[in-house]
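Here are some exercises to work through with the sequence and the 3D view side by side. Try each task yourself before you read its solution.

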Amino acid sequence: MIDGKNIRLGPLKKEYIPHYVKWFNDPSMVQYLGMIRPMTLENEEQWYENAIKNQNAVHFSILLIDEDKKHLIGNCSVRIDWRNKLGHLGITIGEKEYWGKGYGTGAIQLLLNYCFQTLNMHKVELQVYDFNTRAIKSYKKLEFKEEGILRKSHYVNGKYADIIEMGLLKDEWKCIQ
Ligand SMILES: CC(C)(COP(=O)(O)OP(=O)(O)OC[C@H]1O[C@@H](n2cnc3c(N)ncnc32)[C@H](O)[C@@H]1OP(=O)(O)O)[C@@H](O)C(=O)NCCC(=O)NCCS
């Protein structure tokens, strides 16, 4: 478990699977994630079984801590390229009423601390669609740099979007505990 001020990164849990089905069947969510197929309970159960066994990725549940209570608001992960010490970051605040309240940025900060201080990554990378302004703001606030643009590379909502590649080197990262 990794604790921040009001956010905790904890393990994935089987009991959370129905939440994943809800999140990843919502068009307003999946437009940012590139998913196009309906997700069944069986798909998510299979995803969960693979995720907890995968030695080249670490997945976390994002929990909001409110006094003594905690509840699930999303997932985040890092896929690991061990040779190059590169992490590829992914995040979903699945409960939409918690968007834009700073929790995503808080969770990414905890995940970056884990990448750099526990996994000894040298760099963390990610990709984001150009219309995902909320995510881009959050990444820039954490000092991610724009490294490249894959022009009109992703078809979504009836048009092509650019894919922005961003990266953060360990030297550029500001550890916030
Ligand atoms: C992207 C995501 C993780 C960001 O987490 P979040 O908790 O919503 O974001 P935060 O509140 O930490 O930060 C968002 C920033 O965007 C701003 N913002 C909020 N709503 C916004 C909107 N509708 N448009 C543009 N900016 C917005 C916030 O003000 C904040 O910036 P500020 O701190 O300078 O004020 C979350 O929105 C999410 O999971 N979205 C759906 C899935 C997704 O896009 N995943 C990432 C794929 S690359």
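Asparagine 157 sits in the loop between S7 and S8; helices (H or I, at least four residues) and strands (E, at least two) are DSSP runs, numbered from the N terminus. Residues are numbered from 1 along each chain as its sequence is written. The model is predicted, so local features need pLDDT of at least 70 and side-chain atom pairs count only at pLDDT 80 or more, while totals for chains, interfaces and linings use all residues.

**Exercise 1. Find asparagine 157 and decide: is this residue buried or exposed?**

Step 1. Recall the cut-offs: a residue is buried if 20 or more other C-beta atoms lie within 10 Å of its own, exposed if 12 or fewer, and partly exposed in between, with C-beta atoms placed from the backbone.
Step 2. Asparagine 157 counts as exposed because it has 10 C-beta neighbours inside 10 Å.
Step 3. Look at the backbone too: asparagine 157 is not a glycine, yet its phi is positive, about 55°.

**Exercise 2. Trace the protein chain: how many helices and strands does it have?**

Step 1. The count comes to five helices and eight strands.
Step 2. Starting at the N terminus, their order is β-β-α-α-α-β-β-β-α-β-α-β-β.
Step 3. Now check the overall size. The radius of gyration (taken over C-alpha atoms) is 16 Å, which agrees with the value near 16 Å for a compact globule of 177 residues; the globule rule is 2.2 Å times the number of residues to the power 0.38.

**Exercise 3. Explore H4: which of its residues are buried?**

Step 1. Compare its length with expectation: H4 has 16 residues and spans 22 Å from first C-alpha to last, close to the expected 22 Å at 1.5 Å a residue. The expected span is 1.5 Å times one less than the number of residues.
Step 2. The buried residues of H4 are Tyr103, Gly104, Ala107, Ile108, Gln109, Leu110, Leu111, Leu112, Cys115 and Phe116.
Step 3. Just after H4, asparagine 120 has a positive phi of about 60°.

**Exercise 4. Select the ligand: which residues come nearest?**

Step 1. A residue is near a molecule if its C-beta atom, placed from the backbone, lies within 6 Å of it. Of the 21 residues around the ligand, Tyr32, Gly100, Gly104, Thr105 and Ala135 come nearest.
Step 2. Sort the shell by class: it has nine nonpolar, eight polar and four charged residues. Here Ala, Val, Leu, Ile, Met, Phe, Trp, Tyr, Cys and Pro count as nonpolar, Asp, Glu, Lys and Arg as charged, and the others, Gly among them, as polar.
Step 3. H5 gives the most to this shell, with six residues.
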